[in-house]
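Here is a quick tour of a protein model for someone meeting it for the first time. Have the structure open and follow along, starting with a single spot on a loop.

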Amino acid sequence: MLVVGGGPAGAALALLLARDGVAVVLVEHGRAHRSGPFETMLASARALLVRCGLDDVVAAAAEPDPLRHGASWGSGGLVWREPEAGGLLLRRGPFDARLRAAAAQAGAVVRCPAQVRADGDAFELRGEGGEERLHARVVVHATGRGGVRQRHGPHTIACTFLGEPDPADRATAVVEAVEAGWSWTHVPPQGPAACAWFVDGALDPAVRRAAVQQAFASARGPAARLRDVQLRFANDATPTVADAVPAVLSLGDAVATADPLSSQGVEKALAAAEHAAAIVRTALGEPACTERLFALHRRWELGLATAHRGTAQQWYGREDRFAAAPFWRARTVAVPSPLSLPEGHLQAASTLTMQPVLVRNGARFARVDGVRDSATGDERSHIGYVPIAPVLAAFALPRSLGDAVRQAGTDARLFVLPPRAVHAAMLELVRLGWLVPTGLARA
Ligand SMILES: Cc1cc2nc3c(=O)[nH]c(=O)nc-3n(C[C@H](O)[C@H](O)[C@H](O)COP(=O)(O)OP(=O)(O)OC[C@H]3O[C@@H](n4cnc5c(N)ncnc54)[C@H](O)[C@@H]3O)c2cc1C
């Protein structure tokens, strides 16, 4: 198996599969990661890391986050979060290198710095050790934000500065909203502080420079007190979705990037590695299902990116002091109204078929009875713990939601479940477009 890209997603996937004895080659071109000197991982990520079997490796590659976290958001005051043990400070570069070293220790062949290019049905690797050719049954792109992409949110530029902090601000991390945008300022116990301003990406460079100056001038947190400020780099931080490449398994930022305000990109990358490891284990045993499994992973990633977008929108929605400013206007999109209950009768979309579907079962995917939507390729067996097939069977004849819940209660597969859960599953099927008003069945 060939993994191209040795950031958190690629390195963790290589590690997980090498532990299983899969022959993995991980290729990393070794260019510097373009964010601030620090990224953070919330303590809440720990449960996920334990579940993925990555907690020890990640804890050894990172360091405990010693910073007090606060926010100046929605009002001029600075609100400190309750101290929380278990958060991590990631020095990207060393962090990624340690994850790659752990993959190598588990048996993966790691080439860094190295380049890879397709050559017919083989791959040509070029690195410090010279050139080599290899064949791979599974090819993985964990290459981050490159490639052809569509925007999944407002165009945003992150301008990262280093500066000398005020001693009183030491050991803090503050997120701060101002009229021109918002910032993360990390002030470590020693050394320079980093401040990333996220501003409107549509501004031309001169206007953007003025916007950042205005942002520093109007800040009240640690960003306001930085001295000898130097721009380190400016990079595109727009949430994006990459085009699908059917024969390749893409993961992490190579599929979709989260809005930086949700600040869980590394957590998302590691969760994606764990999901992708189950996909690859299954694909190696069932090569005929490979593309279907890769598409399943992509849908999983896009679901996660959408969830992160929701988190970011909630944050933007909480800041109403600058509602008229262009940066904030573009980000406070109208919150979608709660699903309006369809009136009249519903029926199953005509694109659905009952068939065995692939669902996660521990370290692999297994076939269970379920439903597949030929319009989207989406396949599912359950909504939460409610099996979908008998719920759809309740709409064998067009029915109202209320009648269908009563009908479902007569089905042995559903009557043990609370009617409220069955009703909630029906609403989710309406949201998915799997239950449609009578007469609107999708072609
Ligand atoms: C300004 C900013 C601040 C952020 N702050 C945080 C934060 O505080 N916390 C957080 O969790 N997330 C944060 N993120 C998001 C986080 O950086 C990413 O989500 C995360 O790095 C994604 O991991 P990845 O492995 O998918 O991609 P990447 O980390 O981008 O890794 C991709 C790897 O592939 C390599 N590569 C690319 N192309 C090739 C090729 N052709 N051949 C070989 N190698 C290749 C690259 O060198 C890189 O090492 C931030 C992002 C930005 C932009």
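Let's start with Ala 171, which counts as partly exposed because it has 14 C-beta neighbours inside 10 Å. That is a value from a predicted model, as is everything else in this report. You'll find Ala 171 in the loop between strand S14 (156-164) and strand S15 (172-178). Its phi is near 60°, which is a positive value in a residue other than glycine.

Why point that out? Most residues other than glycine have a negative phi, and most peptide bonds are trans. Asp 228 is another residue with a positive phi, near 50° in its case.

The one from Cys 112 to Pro 113 is cis, with omega near -5°. To find it, look for Pro 113 in the loop between strand S8 (109-111) and strand S9 (114-119).

## How the chain is divided

Next, find helix H1 (residues 8-19) and helix H6 (residues 265-285). Their axes come within 8 Å and cross at roughly 35°, and the crossing is right-handed. On the H1 side, the contact is made by Pro 8, Ala 9, Ala 12, Leu 13, Leu 16 and Leu 17. On the H6 side, the residues include Val 266, Ala 269, Leu 270, Glu 274 and Val 280.

What classes of residue make up this contact? It has 14 nonpolar, no polar and one charged residues.

## Around the ligand

H1 and H6 turn up again at the ligand. In total, 37 residues surround the ligand, and the closest are Gly 5, Gly 7, Gly 144, Gly 252 and Gly 265. The elements that give two or more residues to this shell are H1, strand S3 (39-41) and H6. H6 gives the most, with four residues.

By class, the shell has 14 nonpolar, 16 polar and seven charged residues. Where do they come from? The shell draws at least three residues from each of domain 1 and domain 2.

Arg 137 is in the loop between strand S11 (130-134) and strand S12 (139-141). With 13 other C-beta atoms within 10 Å, Arg 137 is partly exposed. Leaving aside neighbours within four places in sequence, Arg 137 is in contact with Met 1 and Leu 284. Arg 137 and Leu 284 are 147 residues apart in sequence, yet their C-alpha atoms are 8.0 Å apart in space.

Glu 291 has its place in helix H7. It counts as partly exposed, with 15 C-beta neighbours inside 10 Å. Apart from neighbours within four places in sequence, Glu 291 is in contact with Pro 246 and Ala 247. From Glu 291 to Leu 16, the separation is 275 residues in sequence and 21 Å in space, C-alpha to C-alpha.

Last stop: is Gly 384 buried or exposed? With 9 C-beta neighbours inside 10 Å, Gly 384 counts as exposed. It lies in the loop between strand S25 (382-383) and strand S26 (386-387). Not counting residues up to four places away in sequence, Gly 384 touches Ala 421 and Ala 425. Gly 384 and Val 422 are 38 residues apart in sequence and 9.9 Å apart in space, C-alpha to C-alpha.

Methods:
Residues numbered from 1 in each chain as written. Predicted model: local features only at pLDDT ≥ 70, side-chain atom pairs only at ≥ 80, totals over all residues. Axes fitted to C-alpha atoms, helices over the stretch in contact; angles between N-to-C directions. Left-handed = near helix turned anticlockwise from the far one by under 90°. Contact = placed C-beta atoms within 7 Å. Nonpolar A, V, L, I, M, F, W, Y, C, P; charged D, E, K, R; others polar. Buried ≥ 20, exposed ≤ 12 C-beta atoms within 10 Å, placed from the backbone. Near = placed C-beta within 6 Å. Domains from an automatic or database assignment.
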